[in-house]
Amino acid sequence: MTTPTGPRPRSTLSSSGLSAPRALALGVLVTATATLGTPALAAQETPPGKAVLEVSDTRTVTLVTGDQVTVTTRSGQRSVLAVRPASHTAGNGSFLSFQDGSGDRYVIPAVAQPYVGRQLDLSLFDVTALAKGTTAAGRVPVTVSYARGAKPRTPTGLTLTSTSGTSARGYTTAASGRKLARLLKRRIAADVKAGHKPGSTPLFTGVTSLGRTGASTEDATAGGGASAKYKLNILQITAEDRSGAGFNGQVLVTNTDDATRMSVVVPVDDGIEKVAVPSGHYSLAAPVVDFDASGNVTAQSLVTLTDLDVTGATTTDLDARTATAQVTAATPRPATADYAAATWGRTDVANGSIDWAPTASAVSTDTTPVYVNPQPAATTGKVAYFTQWSGHGPATGAPYRYDLAGRLSDAVAADQRITVTGKQLAAVRQRYVRDPAASPDGIITSGELGPGLPAAFSAAVPQTMPARVTDYLSGNNGGVWVQQSFPGTSLAFTSGDRPFTAGRTYTQDWARGPIGLGLGQYTRGPFGGSDCSACLADGNLLAYLSTTDSEADHDGGPSVYDEQPAAFAAQLYRDGTLLDDRPGNTAVYVDGQTAPDARYRLVAGQDFSGDGTLSQSTTARTELTFGLPSANDPHSLLPAPFTCEGQSASTPCRVLPLLTARLDLAADDLNTSHRTTQSMGLDISHVTFGGAGSRAAITSAAVEVSFDGGTTWQKTALHGSKGHYRARWTNPASARGTSPALRVTAADADGNGLTETITHAYSVAATTS
């Protein structure tokens with residue numbers, strides 16, 4: 001048994017005469033510091049004496065295999081992950097995931113599993129750490145360690161930038177990572193053909209390990225203090241795949257009396273592993289992968305053991321052949337599976353909360369089956385288990401799909417089929433819009449959120465765009481869903497947590513423009529977070545803006561931060577004096593703001609003009625003028641469960657009276673107008689959280705259009721009142737084939753104002769009528 005590199009476990013264990021386990025321990029979750037569409041307020045960017053903002057964040061990170069994982073980190077709440085495989089070819093879309101009680105999430109492509117803990121370090125797949133980091137051009141920084149005497153060579157899929165002795169540093173990208181994935185698949189195929197266990201053949205000659213640069217390299221060795229505190233016993237774990245052969249993989253071992261005593265992932269070599277553990281009650285979980293002679297994944301089996309007593313030397317077995325229950329669904333209309341997942345969470349007696357409980361998941365983003373073994377309810381602590389299944393209708397006829405979640409359970413039942421009737425489903429008419437310059441190959445995601453659900457995956461499936469699809473959603477766990485749209489390669493939009501009632505029909509537009517920069521109305525919080533993005537408490541003033549489409553609770557931004565050529569900026573002024581200047585962000589934060597008569601001006605901008613995959617709404621500049629919310633205004637009080645910086649019993653949070661605009665242009669699904677007489681819906685309102693926010697009447701609004709890049713502006717005819725308007729203007733013949741600019745201004749009865757300017761706001765077709 002060797003000792004791995006990688007994050008150090010919270011408790012390290014040893015035993016006389018037994019080498020330290022190669023515990024692939026999981027690290028500590030640190031709240032991300034960015035909003036979707038707002039790059040992180042990194043520590044080095046924060047002026048002295050100013051806090052780093054802790055707000056919800058959605059980021060897409062690239063793994064060393066070229067696969068991508070979208071991580072929606074929600075301050076104080078469970079994160080949601082959506083996996084986007086590099087290839088949607090059958091047999092290439094399977095993943096497994098672990099999280100221990102500290103919160104770090106690890107996503108391992110199934111094709112890499114046999115090598116994790118051997119030549120591939122687990123740190124490469126720590127999506128929590130990857131989401132917090134910032135690297136150039138979407139690169140994953142890696143460190144290669146070579147065997148003594150071996151000639152340093154460049155491993156497949158890597159670019160080396162420096163070599164020193166027996167180690168080298170370099171990086172992978174999405175494109176080069178796919179080369180590494182192909183190598184993994186070839187090695188596994190060769191092992192299967194030769195009758196060997198997948199992962200038996202070394203991945204790289206002369207390489208002892210490949211890990212993420214900057215990851216902790218502390219060994220999980222003896223002497224961590226646990227041996228003096230706990231009596232240790234040898235736990236021997238055997239594990240077999242569906243053919244009965246011992247497998248190379250990982251097992252999550254959790255002490256269910258108190259997970260802080262032990263919650264680690266240990267590698268299994270040739271179907272066996274020995275680990276020293278304190279006496280007590282335990283649970284085990286192992287996602288077991290089976291491969292064919294081509295290196296494709298043929299099945300995933302999430303094998304769990306709910307309760308195991310360890311009081312001395314103990315042996316237990318995890319056999320994938322006992323996983324006889326397949327995650328499937330019975331739907332009212334025909335549908336072909338494109339996603340299936342089983343997630344198993346385990347609480348302990350000492351803590352009991354499922355929010356940060358150890359979890360294990362088996363995820364299939366194609367037709368590869370997912371199986372589980374039946375298990376009873378726990379006798380020590382609790383189990384939180386649920387499944388998700390998604391599928392699409394036939395290629396002919398009106399497009400539809402199903403996104404279904406199984407009921408949360410404290411046991412793993414023998415029947416894993418999700419059965420629903422039409423009356424049990426909500427129908428959502430989804431309209432997916434994209435930029436004319438963007439790729440038609442988009443991604444959509446759906447995940448149900450509910451009380452008691454462990455940190456989970458959101459189904460990510462390919463969707464050609466533009467498209468109009470009816471999405472049928474289940475309500476087995478409360479019917480609250482978070483969804484996302486990735487129209488092309490540059491932008492992403494995330495909905496707020498939306499409750500959908502069975503039997504009802506809803507509509508939802510995605511990336512419908514013009515695309516702006518602003519705030520919204522959040523019933524349950526922006527993309528599932530509890531942070532207020534426009535609040536004041538105890539003099540702490542925070543406001544951050546995000547990319548907006550026509551939906552009031554959508555937030556958007558770059559789909560992969562480090563790969564998109566975008567620029568952001570924000571400044572905050574008080575009575576003409578600059579208080580905060582944050583280049584690279586659309587957020588401002590200052591403290592000491594208590595003057596009731598002060599007037600503020602927030603200026604924020606986003607610039608996508610350097611991105612060749614976007615031709616519309618290439619820049620947006622929003623200027624907001626406002627005063628502080630009155631302490632006597634009951635409507636501004638932030639309701640639970642929302643929170644903000646500086647909040648206490650004596651200093652409640654108050655929502656800032658910031659105006660926001662949502663634009664809904666009469667155009668096709670490429671945001672392109674074919675009309676000479678143009679119209680656009682315009683909603684002017686205040687940012688709200690759970691209904692809290694300014695109630696000041698909207699007193700004025702105007703829309704202007706420019707056909708010469710902003711040199712001159714023409715007023716449009718505006719009809720409506722109380723914040724709800726429709727603007728009309730003429731697209732002249734000279735504008736055909738161009739992209740006009742738009743400017744919106746508005747004010748309320750309290751003197752708060754908005755000016756938003758969008759260049760290349762929409763396209764005018766070459767022929768109009």
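Strand β7 (residues 140-146) pairs with strand β9 (residues 167-172) in the antiparallel sense over 6 bridges. Strands here are DSSP runs of E with at least two residues, numbered from the N terminus, and two strands pair if DSSP finds at least two bridges between them. Within this pairing, serine 145 stands opposite serine 167 in β9. On β9 there is also a pairing with strand β8 (residues 159-164), antiparallel over 5 bridges, and here serine 164 has serine 167 as its bridge partner. The hairpin of β8 and β9 has 2 residues between the strands, and glycine 165 takes a positive phi near 65° there.

Before going on, a word about the model: it is predicted, with local features needing pLDDT of at least 70 and side-chain atom pairs counting only at pLDDT 80 or more, while totals for chains, interfaces and linings use all residues. Residues are numbered from 1 along each chain as its sequence is written, and side-chain values use heavy atoms, with hydrogens and water left out.

## A covered strand and the cores

Let us turn to strand β21 (residues 359-364), where 6 of 6 residues are buried. Buried means under 20% relative accessible area, exposed means over 50%, and partly exposed lies in between, with a 1.4 Å probe and protein chains only. Thr359, Ser361 and Val363 point one way from β21, and Ala360, Ala362 and Ser364 point the other way.

| Strand paired with β21 | Bridges | A facing pair |
|---|---|---|
| β5 (residues 94-99) | 6 bridges | phenylalanine 95 and valine 363 |
| β20 | 6 bridges | alanine 340 and serine 364 |

The largest nonpolar core has 86 residues, and Val69, Leu120 and Phe125 have the most contacts inside it. A nonpolar core is a set of buried Ala, Val, Leu, Ile, Met, Phe, Trp, Tyr and Cys residues joined through side-chain atoms within 4.5 Å. Strand β20 (residues 336-346) gives the largest share of this core, 5 residues. There is also a second, separate core of 56 residues, including Ala534 and Leu656.

Which residues is phenylalanine 125 in contact with, leaving aside its neighbours within four places in sequence? Among them are Leu63, Val64, Tyr106, Ile108 and Leu120. Contact means heavy atoms within 4.5 Å.

## Aromatic rings

A search of the whole structure finds 10 aromatic pairs. Rings of Phe, Tyr and Trp (its six-membered ring) pair if their centres lie within 6.5 Å; planes under 30 degrees apart count as stacked, over 60 as edge-to-face and the rest as tilted. One of the pairs joins phenylalanine 500 and tyrosine 506, whose ring centres are 5.0 Å apart with planes at 85°, so the pair is edge-to-face. Both phenylalanine 500 and tyrosine 506 are buried.

Tyrosine 522 and phenylalanine 689 have ring centres 5.3 Å apart and planes at 35°, so this pair is tilted. Tyrosine 522 lies in strand β36 (residues 521-522) and phenylalanine 689 in strand β50 (residues 688-689), so the pair ties together parts that are 167 residues apart in sequence. Tyrosine 522 counts as buried because its relative accessibility is 2%, and phenylalanine 689 counts as buried at 0%.

Tyr400, Tyr402 and Tyr472 form one aromatic cluster. Arginine 333 lies over the face of tyrosine 400, at 3.8 Å from the ring centre. Elsewhere, the charged end of arginine 601 sits over the ring of tyrosine 573, 4.4 Å from its centre. A charge sits over a ring if NZ of Lys or CZ of Arg is within 6 Å of the ring centre and within 35 degrees of the ring normal.

## A loop glutamate and an open sheet

Is glutamate 551 buried or exposed? At 16% relative accessibility, glutamate 551 counts as buried. Glutamate 551 lies in the loop between β39 (546-548) and β40 (555-558). Not counting residues up to four places away in sequence, glutamate 551 touches Arg498, Thr507, Gln508, Asp509 and Arg662.

Finally, an open sheet of 4 strands has the order β47-β49-β54-β53, with antiparallel pairing. Strands β47 (659-665) and β53 (717-721) stand at the edges, each with a single partner strand, so one side of each is left without a neighbour in the sheet. Between β53 and strand β54 (residues 724-730) there are 5 bridges, and histidine 719 stands opposite arginine 726 in β54.
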